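Dear colleague,

Please find below the structure that I am handing over to you. My notes on it follow directly after.

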Amino acid sequence: MMASGLVMLISVAGAVVAVGVKNIVHAIFGLGVSLAGLALAFLLLGTPFVASMQVLIYIGGITIAMVFAVMLSSMGKHESREGYRRQVLAAIVSVLFFAAMASVVVGTDFGALSPSGSGTLTPDELEAAWSIKAIGRALLDHYNVAFELLSVVLLLAIVGAITIAARHAQEPDPVFDEECDQ
Amino acid sequence: MTLEAWILFALVLFCIGLYGVLSRRNLIAILIGVELMLNAVSVNALAFNHFLAPDPAIGQIFVLFIIGLAAAEAAIVLSIILTVYRQRGDINVYELTDLRG
């Protein structure tokens, strides 16, 4: 109970930093803290495999790629100046969405949704059903097509990202060159 | 922790991400907001799987697909942002009005 509350607090605090801070590099670090908290949350939900994938792919891959993109291109020099009115509007929309969804969540009886009544499995059975073995079996058996399609998508994404980013590599970077000249 | 607590936690994260997407002009800040929303969905899927359908580990498969697609999406978006930045020297979305009618 304590652990879950702490993990939720870490994730939400990191997320608040990620959207609230002007400096874009600090925002990315806030996102990293939030993602680490979420990896702990996945551990608490009983799936160490997904938690380790979260650490490897999200924290080790995506946030690092974002930091590289910002730092290699001097994008971080441009502090984003947000209009006050825009922030208030965004906050109103988010709070309204939260209120609507929260009222639905609080008003739903989730116990009645459970097909067989939750808690029918013993912890040992749950462990077996949620093991890496079960995930691997499901991925290569029932979800084989989706799994292979995902690998094609990833390959296309890599090739596409390289193509898009390298197309103008020969052309000079106006901002970067200007800074180098100084 | 009950299922309601986890869902409300995911909802808070999703709304923070929504606020980030709506309030920022910097393309990378918008990407950060989108990643937060995707992660909120992951928490939701795992919580529902853990509490309501404990037998098949389908929630974990869902989350693995979400993580894989988010990685592909981040790679493409970052390369597009780099291209936009190289051509214009700015990544403010309000400057990108070439297609405005």
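Helices (H or I, at least four residues) and strands (E, at least two) are DSSP runs, numbered from the N terminus. The model is predicted: local features need pLDDT of at least 70 and side-chain atom pairs count only at pLDDT 80 or more, whereas totals for chains, interfaces and linings use all residues. Residues are numbered from 1 along each chain as its sequence is written, and chains are lettered from A and ligands numbered from 1 in the order in which they are written.

Two packed helices are described by the angle between their axes and the distance between the axes. For α8(A), residues 144-166, and α3(B), the angle is about 10° and the axes are 9 Å apart. Axes here are lines fitted to C-alpha atoms, for helices over the stretch in contact, and angles run from 0 to 180 degrees between N-to-C directions. The crossing of the pair is left-handed, that is, the near helix is turned anticlockwise from the far one by less than a right angle (clockwise would be right-handed).

Among the residues that make this contact are Leu150(A), Leu154(A) and Ile158(A) of α8(A), together with Phe65(B), Leu69(B) and Ile76(B) of α3(B). Two residues are in contact if their C-beta atoms, placed from the backbone, lie within 7 Å. By class, the residues of this helix pair comprise 17 nonpolar, four polar and no charged. Ala, Val, Leu, Ile, Met, Phe, Trp, Tyr, Cys and Pro count as nonpolar, Asp, Glu, Lys and Arg as charged, and the others, Gly among them, as polar.

**The chain contact as a whole**

Chain A contributes 78 residues and chain B 62 residues to the contact. On the side of chain B, α1 (3-23), α2 (27-51) and α3 (58-88) each supply at least two residues, and α3(B) gives the largest share, with 22 residues. That side of chain B has 44 nonpolar, 11 polar and seven charged residues.

**Chain A**

Chain A has nine helices and zero strands. Its mean pLDDT (the predictor's confidence in each residue, from 0 to 100) is 83, and 82% of its residues reach 70 or more.

With kind regards
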